[in-house]
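Subject: Structure handover and findings

Hello,

Here is the structure I promised to pass on. Please open it next to this message.

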Amino acid sequence: MANESSEFDFDYVIVGSGFGGSVSALRLAEKGYSVAVIEQGRRWTPENLPKTSWQFWDFIWSPQVGLRGFFKINLFKRVMVLSGCGVGGGSITYAQTLLVPPEKIWQQGTWKGLEDWQKTMPAFYDLAKRMLGVTENRRRAPADDKLYEMAKVWGCEDTFKLENVGVFFGDDDKPQGAEYNDPYFGGAGPKRKSCNACGGCMVGCKYDSKNTLDKNYLYLAEQLGVEVKAETKVLDVSPIADAIDGSEGYRLTLRPTFKRFGEKTQITARSVIFSAASLGTQDLLLRMKDSGALPNLSEQLGKQVRTNSESLLGVRYPGCDLDLSTGIAIGSGIQIDQFTHVEATRYPSGSNIISFLFTPLTGGKPGITRPLSWLGAVAKLLVTNPVKGLRALMPYRFANETMIFLVMQTVDAHIDFSLRRPWFWPFSKQMTSSSKRIPTFIPEANNFTEKVAKATDGIGLSSISEILFNVPTTAHCMGGCCMGDTAKTGVIDNQHRVHNYKNLFVIDGSTISSNLGVNPSLTITALAERAMSFIPPKEDGAQNVRHIQGDETKAQAVGEM
């Protein structure tokens, strides 16, 4: 058996640079391990970010057709998934809303009973908050005021709350956009600028204000020697030699992301961590199981994929004087009932391509008859208010005039994924969704949208995919590699170790094992911190490596912990 890291290119190779991957990279480097992070997306900077979403070739991610952005849209039979891709993973395009889920989620799903979660997780949430710079939103904007007005209409104004977010706001007595030395890590982190409330969080922050992973975990990891291989796709992960359980390490086959027939290379690692986000990790592991590279993966792989039971709705105000695009991406939220959380979401001025995901609010029964209800809703809008109705259907000024509602529920529901040959392309297998449908119609959310739109003289909006394809839209795909005490009940154990394999881990959103009902980024970060706590320092000397814990403890030697 290989015992020395010199027999491998790296001690650990991490597939993906999102929340799980970046946390793992930093903590492993602090413990003295050599680490490489493989990321298929690009490295984004304020200089190369798209100016608006209309610059779609640098906004949308679809390398098969030459689109090299960071915003991914995956349409499946049972769900449409919105996600991010790039160095820093989903943090590049997420809305930096960092919330602790209700405690009841630990008593649901496959992780129930595997740990005293309510006792152990608070410390890891606290650490994750410090590292990600979580603070209450200090850029209250017109859309937040409008949401409070809507909450009063619904009778839930007491639940209105400015969200906890990962944004650097700076000092109140200094102008917005002012530059500061590292405010979080005692000088070990990069310089930052305070938020100027431009609303551009989800098209990439151009002002160094958003606490993306390349400003904290991943930045610090690279300072400790972690090698990030951007624009590189992992094609294969296989155990070395005859040790099919991975006890002698792994060989990874790579190629350039944007060169479909580019030269393949191989690297070896003692251990591998899959952190390619829920869809990416599931897709790669399903292919490795199907090809025979990792044949003993659990049959639970691809099962119990959750979406936070989400729905995207909204209200548009054609010609309004208020600019609803200002502020931060998600600045506030309300609870319209015990199960349903609604957040006010926005895009920056000029980023109107997102309008194609929306259409006039439509009721009716989900299924084949709902498109008829939709046609009726469009016709009614144009007949009763033709000028305003036409303006509501146009992309022009969509971001300035629209409040998007991100609706999430703790009600549990899930779908399954597998590899199949689609009828329209039988030459290769693709990841497809199956099982019972997740509800595409949340009556409480629709009723809320209809009522507040009428009360505030706006036009309600529905998600077009929910109507035409009867599939929900989610920005929070979770699960597929859920926890279980054995391979019969889960893909990984409660320490994120893959069942039936040695030195193989999954640490990302695919491991979330129940519906959170809130944005999952903070939970993924906290789970990753917990997973890393089980890995001991490397034996041959990590005692001088700093262990950074955020602005409370700054830095200390691992050997002194």
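Below is what was found in it, topic by topic.

Two ground rules first. This is a predicted model: local features need pLDDT of at least 70, side-chain atom pairs count only at pLDDT 80 or more, and totals for chains, interfaces and linings use all residues. Residues are numbered from 1 along each chain as its sequence is written, and side-chain values use heavy atoms, with hydrogens and water left out.

Sheets

Strands (E, at least two residues) and helices (H or I, at least four) are DSSP runs, numbered from the N terminus. Two strands pair if DSSP finds at least two bridges between them.

Arg-316 stands opposite Thr-402 in S21.

Another open sheet has 3 strands, in the order S5-S6-S25. Here the pairing is mixed. S5 and strand S25 (473–474) are the edge strands, and each pairs on one side only. S6 and S25 run parallel and are joined by 2 bridges. Val-81 stands opposite Thr-474 in S25.

Helix H7

Which residues of helix H7 (residues 386–393) are buried? They are Lys-388, Gly-389 and Ala-392. Buried means under 20% relative accessible area, exposed means over 50%, and partly exposed is in between (1.4 Å probe, protein chains only). The three cover an arc of only 100° around the axis, which puts them on the same side of H7. That arc is taken from the directions from the helix axis to the C-beta atoms. As background, an α-helix has 3.6 residues a turn, so residues three or four places apart point the same way. What covers the buried residues of H7 includes strand S17 (311–316), helix H6 (370–384) and strand S24 (459–463). Contact here means heavy atoms within 4.5 Å.

Aromatic pairs

A search of the whole structure finds 20 aromatic pairs. Rings of Phe, Tyr and Trp (its six-membered ring) pair if their centres lie within 6.5 Å. Planes under 30 degrees apart count as stacked, over 60 as edge-to-face, and the rest as tilted.

Take Phe-19 and Tyr-94. Their ring centres are 5.2 Å apart and their planes are at 70°, so the pair is edge-to-face. The pair links distant parts of the chain, 75 residues apart. Phe-19 is in helix H1 (residues 19–30), and Tyr-94 is in the loop between strand S6 (80–84) and helix H2 (117–132). Phe-19 counts as buried, at 7% relative accessibility. Tyr-94 is buried too, with a relative accessible area of 10%.

Next come Phe-59 and Phe-70. Their ring centres are 5.7 Å apart and their planes are at 85°, so this pair is edge-to-face. Phe-59 is in the loop between strand S2 (35–38) and strand S3 (61–62). Phe-70 is in the loop between strand S4 (67–68) and strand S5 (71–75). Both residues are buried. With Trp-44 and Phe-71, Phe-59 and Phe-70 form one aromatic cluster.

Charges over rings

A charge sits over a ring if NZ of Lys or CZ of Arg is within 6 Å of the ring centre and within 35 degrees of the ring normal. Arg-68 lies over the face of Phe-258, at 4.2 Å from the ring centre. The charged end of Lys-146 sits over the ring of Tyr-317, 4.6 Å from its centre.

Cysteines

How many disulfides does the structure hold? The count is 0. A disulfide is a pair of cysteine sulfur atoms within 2.5 Å. For Cys-201, the nearest cysteine sulfur is that of Cys-195, 6.2 Å away. Cys-201 counts as buried, at 9% relative accessibility. For Cys-205, the nearest is that of Cys-198, 6.3 Å away.

Backbone

Ala-241 has a positive phi of about 60°, although it is not a glycine. Ala-241 lies in the loop between strand S13 (232–239) and strand S14 (250–256), and is exposed at 55%. Asp-457 also has a positive phi of about 60° and is not a glycine. Asp-457 lies in the loop between helix H9 (443–455) and S24, and counts as exposed at 55% relative accessibility.

Best wishes
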